[in-house]
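Take a look at the structure below.

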Amino acid sequence: MRLSVDIVKAMSGLELRAQFEAPDGITVLFGPSGSGKTTLINAVAGLVTPDTGRIALGEQALFDQARGVNQPVHKRGVGYVFQDARLFPHLSVEANLNYGRKLAANPPSEAEFERIVKLLGIGGLLARRPAKLSGGEAQRVALGRALLSGPQVLLADEPLAALDGARKAELLPYFERLRDEGNMPILYVTHSVSELGRLANHVVTLETGVASGLRAPSEVLADPHLVPGGVRGVGAMISAVVVTHHADGLTELNAGGVSLFLPKVAHDIGARLRVRIAASDVILARQKPEGLSALNILQAKVTGMREGDGPGAIVALETGAGQIQARITRRSAKALGLGLGVDAYAIVKTVSIAQEDVGG
Amino acid sequence: MSWLGPEEWQAVALSLKVAFWATALSVPPAIGVAYALARGRFWGHGLLNGVVHLPLVLPPVVTGYLLLMFLGSQGLGGQVLEAVGLPLAFRWTGAVLAAAIMALPLTVRAIRLSIEAVDMRFESAAATLGASRLRVFFTVTLPMAMPGVLAGAVLGFAKAMGEFGATITFVSNIPGETQTLPSAVYSFLQVPGGESSAGKLVIIAIVVAMGALLLSEWLARRMARRVAGA
């Protein structure tokens with residue numbers, strides 16, 4: 001299934017313009033607050049009506065201004081996970097889960113209900129009222145409720161934004177699993193770089209209402225104009241496999257033949273992870289450094305240089321592990337004689353790979 | 001009840017019957033009107049609001065007179081109703097209608113406030129789960145507004161119990177048929193020595209009204225707790 005969006009919607013203060021096609025898997029809608037992300041998914045859900053354009057799921061038009069098509073919300077087959085869970089307070093968790101299930105065109109079977117309840121670990125909560133749930137529990141139930149409505153497309157509007165760090169970490173794996181099942185398009189709104197790094201198959205960036213087409217996550221993470229914090233927020237995302245957990249509390253990863261060490265992660269040996277490496281955590285050397293405390297030293301070749309107005313520069317590097325970036329000063333870049341095609345060593349401090357940036 | 005004479009007892013029983021049916025008759029349309037006023041954006045919104053609230057500000061005698069004109073035995077509506085076997089004028093059924101119309105504004109106000117207090121985000125969440133507008137109303141909006149519906153119903157009951165002006169104008173003051181509690185108090189006060197009977201009925205009116213208010217408070221609080229899931 002493919003979700004195509006091509007719409008214009010005037011809002012107070014800005015005009016939303018979006019044109020992209022989201023395939024199965026997670027397409028992250030990424031941008032600062034007020035850039036139109038929520039309006040965009042509300043238009044897909046039918047909660048907001050665009051001024052012109054077309055929204056279609058496969059061949060089926062959900063909205064087509066030219067042909068006068070505007071399917072009502074309840075007939076669009078969308079599952080929506082809101083930032084604020086929105087569980088019905090007067091119904092039990094079980095009744096909440098069954099609310100959309102009963103109304104689905106092809107109601108999920110009892111076995112499917114059991115599977116999702118088990119997957120989300122909410123079996124013990126079924127008899128409770130939403131008021132008695134923690135934020136993380138409520139959001140898991142909300143996700144289950146959306147999935148049990150038998151959706152053809154899943155929309156998630158900053159589903160983790162209201163949760164603390166530990167609850168975020170608890171919920172992210174469920175979205176990763178949905179992404180990997182890959183049986184429907186998922187639009188996932190966030191302004192968090194680490195969620196983007198962990199979840200995105202594709203990214204649509206939004207700036208003051210204007211949406212880009214589909215972009216690669218690594219491209220977005222490397223662009224100082226897109227990530228929060230500008231050059232300070234730039235980073236790379238590399239894919240790695242867990243090789244072993246060492247006795248001294250480190251986990252060894254294999255990224256394209258290169259060994260990477262990081263503080264122990266909870267994933268099993270053989271698991272494939274995404275690791276985000278912030279450009280500010282990478283330093284460069286022309287000779288292979290010796291007598292250095294850093295464990296991760298990657299052989300690299302400079303493939304791009306970007307200098308801003310300030311004293312810093314972003315150096316793009318090709319390594320055995322993939323593309324990474326380093327943020328160094330322009331002065332160092334000059335002193336090292338860095339330029340396109342120059343060989344260098346990238347040093348990544350072990351401890352700087354944050355847990356929240358590691359995902360399956 | 002030996003404390004009450006047969007005539008007094010008759011008035012109390014009739015009032016309870018009239019108030020019960022008036023409440024049963026006015027709550028469903030009150031819910032519909034309250035929902036339309038709270039959520040609807042349509043032509044004539046202001047007009048509907050005005051018409052519903054008219055009995056609250058109009059002299060009750062005027063409301064009763066209008067009912068008599070249109071639904072009395074001389075009125076067009078009255079003749080139609082008589083033909084289908086439901087005459088209203090000078091019948092207890094007419095007292096029910098008069099009380100229902102007089103209670104409607106109070107009931108609508110209470111229900112409208114509680115519907116407006118229902119967070120519309122729950123309604124849009126229900127829509128994304130596949131519920132039509134009608135289903136959203138019955139499974140989300142109405143259950144969440146239930147404490148207000150109940151409060152409105154009890155308020156309407158108390159109002160119907162005490163309705164006087166419109167009732168006496170429309171259906172007169174016939175003992176056993178249309179002589180409700182307030183009409184009976186009025187009648188007793190017109191005859192010498194009727195004060196003690198009137199006094200007893202006044203006490204009953206106070207007890208019923210007070211009881212209704214306490215009951216509504218208690219039910220609303222209980223319901224609100226249940227709705228909030230605490």
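Predicted model: local features only at pLDDT ≥ 70, side-chain atom pairs only at ≥ 80, totals over all residues.

Residues are numbered from 1 along each chain as its sequence is written, chains are lettered from A and ligands numbered from 1 in the order in which they are written, and side-chain values use heavy atoms, without hydrogens and water.

Start with the overall form. Chain A holds eight helices and 21 strands. Helices (H or I, at least four residues) and strands (E, at least two) are DSSP runs, numbered from the N terminus. The C-alpha atoms of chain A fill a box of roughly 65 × 50 × 30 Å along the principal axes.

Now look at cover and contacts. Of the 360 residues in chain A, 54% are buried, meaning under 20% relative accessible area with a 1.4 Å probe, protein chains only. Take contacts (heavy atoms within 4.5 Å). Among those in chain A between residues at least 6 apart in sequence, 64% join residues at least 24 apart.

Next, zoom in on one helix. How many of the nine residues of α2 in chain A are buried? Seven are, so α2 (residues 93–101) is mostly covered. The buried ones are A:V93, A:N96, A:L97, A:N98, A:Y99, A:G100 and A:R101. What do they pack against? In chain A, the partners are α3 (110–120) and α4 (135–147).

Technical notes: Buried < 20%, exposed > 50% of the residue type's maximum accessible area, 1.4 Å probe, protein only.
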